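Subject: Structure handover

Hello,

Here is the structure I said I would pass on. Please have it open while you read the notes below.

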Amino acid sequence: MTRLKACVVLSVLVACRPTDSARTSFHVSIDSSGSYPIIESIGDAPVWNATLLHEIGATGSAFEFGTIRSVLLDRRGQVYVVDPSNRTIPVFDSMGVFLRQVGRDGSGPGEYRTPYSIAWLDDQLALLDPGNGRIGLFDSAGAWVTSWPAPLITGGNVVRLHRTPPLFWSLALRSSEGRSAPVFVRYSQAGPVDTMAVVQVAPTETRPRMCARPDGAMSYFATPFGASFIAIPTPAGAQAVALTSRYQVTFVDAEGDTLRVLERSVAPTPITDAEWDSANGEWNRFRREWPTADCDRGDFARPAVKPPVVSMFHDEVGRLWVELVTPDGPRYEVFDAEGRLEATVVGLPPSGGIDPGVAGNRIAIPGLDSLGTPIVRVYRVSR
């Protein structure tokens, strides 16, 4: 069997696979004629509707958050929230009423300095705490169990615990030949058990603008509505990877070989003039304030449409969720372990780059209320 790396698959299939948006009768097509199966979900999938149950933390409520970085649900409908600004992990019941706090600020057992991300390890709560350089483990009652060392890595949403129940993965750096490369580390009750090099593909067409300013400083500007690359570990010990500019997910094993590819058509979402002007606001201000800055390229080219893929994550039973941008608003699609599309979920807001908490028929998603206050919205998903 021919060994094809994910970067090759992502570039070749974009050019070779046709789409047909006119078809609406739902079916799954599996092409096994090549070195790996290509699974295409075609037409309108079964719809799961999300209904808002309650909000936690709205302006003027009994409990308000400083910021929200991670949210998790358990099977009883309880909601766990990581609030790094207040250095707290509050827990709420299935009606949104505050119950208790897990741990506290500090550096001793049961404490955390920089609460970042939470996940389940069986029925115990794991917490990534870069401030103390560790992953802490709490039991179901919130008592301290143990901890494992973790690298002092902070930053965007890429630094988080990836949920693949009953285990989870975290990001680390591995030195090789004088260079550091990112790896996913899988954790069990015994601690870290194995690692997997993170697949990396940089979309060259959306590399940032670099500008040398007259004062000697450098400024960088991301491409508005540019493609990005997503790689997340899977419950089976592989990775699901995608370029956000195309609805195509490639599954890659620990050696970097392609296992299968998921394909799906989605209606393109145009970029309005207001959205384009807003996305270029920082770049345009910079050009006015530093007219003599030496930039490697000129203004950004306006893409025809928005990248359709926003994020990917797994739920509590290992299904893959893909968050999308569509002309009708945010949409989530759910795939089983074999890559077959189960449903399209409507009625949910954007994730904001934070993995939602999913358990049973409930999903918790962080966001902002009308006054800009961080909140958690809890929905019931009906099939």
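Two residues are in contact when heavy atoms of theirs lie within 4.5 Å. On that basis, take the contacts in the protein chain between residues at least 6 apart in sequence: 50% of them join residues at least 24 apart. Please keep in mind that this is a predicted model.

Overall build

The protein chain has three helices and 31 strands. Its radius of gyration is 22 Å, close to the 21 Å that the globule rule gives for 383 residues, so the chain is as compact as a globular protein of that length. Along the principal axes, the C-alpha atoms fill a box of roughly 60 × 55 × 50 Å. Of the 383 residues, 50% count as buried.

Helix H3

Helix H3 covers residues 281-289, and its buried residues are Gly281, Trp283 and Phe286. What lies over these buried residues includes helix H2 (273-279) as well as three strands: E18 (209-212), E19 (218-221) and E24 (294-295).

The second largest pocket

This pocket has a volume of about 480 Å³. It is lined by 24 residues, and the closest of them to the pocket centre are Val158, Arg160, Phe229, Ile230 and Ala231. Strands E16 (179-188), E20 (229-233) and E25 (309-314) are the elements that give two or more residues to the lining. The largest share is that of E20, with four residues. By type, the lining of the second largest pocket divides into 16 nonpolar, six polar and two charged residues.

Threonine 234

Threonine 234 is in the loop between E20 and strand E21 (239-243). Is threonine 234 buried or exposed? Threonine 234 counts as buried, because its relative accessibility is 5% and the cut-off for buried is under 20%. Apart from its neighbours within four places in sequence, threonine 234 is in contact with Thr164, Trp169, Gln239, Ala240, Phe251 and His314.

Glutamine 124

Glutamine 124 belongs to strand E11, which runs over residues 124-129. Glutamine 124 is also buried, since its relative accessible area is 15%, again under the 20% limit. With neighbours within four places in sequence left aside, glutamine 124 is in contact with Ala119, Leu137, Phe138, Asp139, Val145 and Gln189. With glutamine 189 there is a polar contact of 3.3 Å between the two side chains. Glycine 360 is 236 residues from glutamine 124 in sequence, and the two are 18 Å apart in space, C-alpha to C-alpha.

Arginine 302

Arginine 302 sits in the loop between E24 and E25. At a relative accessible area of 38%, arginine 302 is partly exposed. Which residues is arginine 302 in contact with, leaving aside its neighbours within four places in sequence? They are Ile271, Thr272, Asp273 and Trp276. Two of these contacts can be described further. The side chain of arginine 302 reaches the backbone oxygen of isoleucine 271 at 2.6 Å, and a polar contact of 3.0 Å joins the side chains of arginine 302 and aspartate 273. Arginine 302 and glycine 226 are 76 residues apart in sequence, with 9.3 Å between them in space, C-alpha to C-alpha.

Backbone points to check

- The peptide bond from proline 165 to proline 166 is cis, with omega near 10°. Proline 166 is in the loop between strand E14 (162-164) and strand E15 (167-176).
- Arginine 87 has a phi near 50°, a positive value in a residue other than glycine. Arginine 87 is in the loop between strand E5 (79-82) and strand E6 (90-92), and at 32% relative accessibility it counts as partly exposed.
- Phenylalanine 225 has a phi near 60°, again a positive value in a residue other than glycine. Phenylalanine 225 is found in the loop between E19 and E20, and it counts as partly exposed because its relative accessibility is 25%, while buried means under 20% and exposed over 50%.

Regards

Technical notes: Residues numbered from 1 in each chain as written. Predicted model: local features only at pLDDT ≥ 70, side-chain atom pairs only at ≥ 80, totals over all residues. Heavy atoms only, no water. Buried < 20%, exposed > 50% of the residue type's maximum accessible area, 1.4 Å probe, protein only. Polar contact = N/O pair within 3.5 Å; in protein donor to acceptor, adjacent residues only side chain to side chain. 1 Å grid on protein atoms, 1.4 Å probe; cavity = no way out; pocket = protein on both sides within 12 Å on 5 of 7 lines; lining within 4 Å. Points joined across faces, edges and corners; volume = space filled by probe spheres on them. Nonpolar A, V, L, I, M, F, W, Y, C, P; charged D, E, K, R; others polar. Rg over C-alpha atoms; globule rule 2.2 N^0.38 Å.
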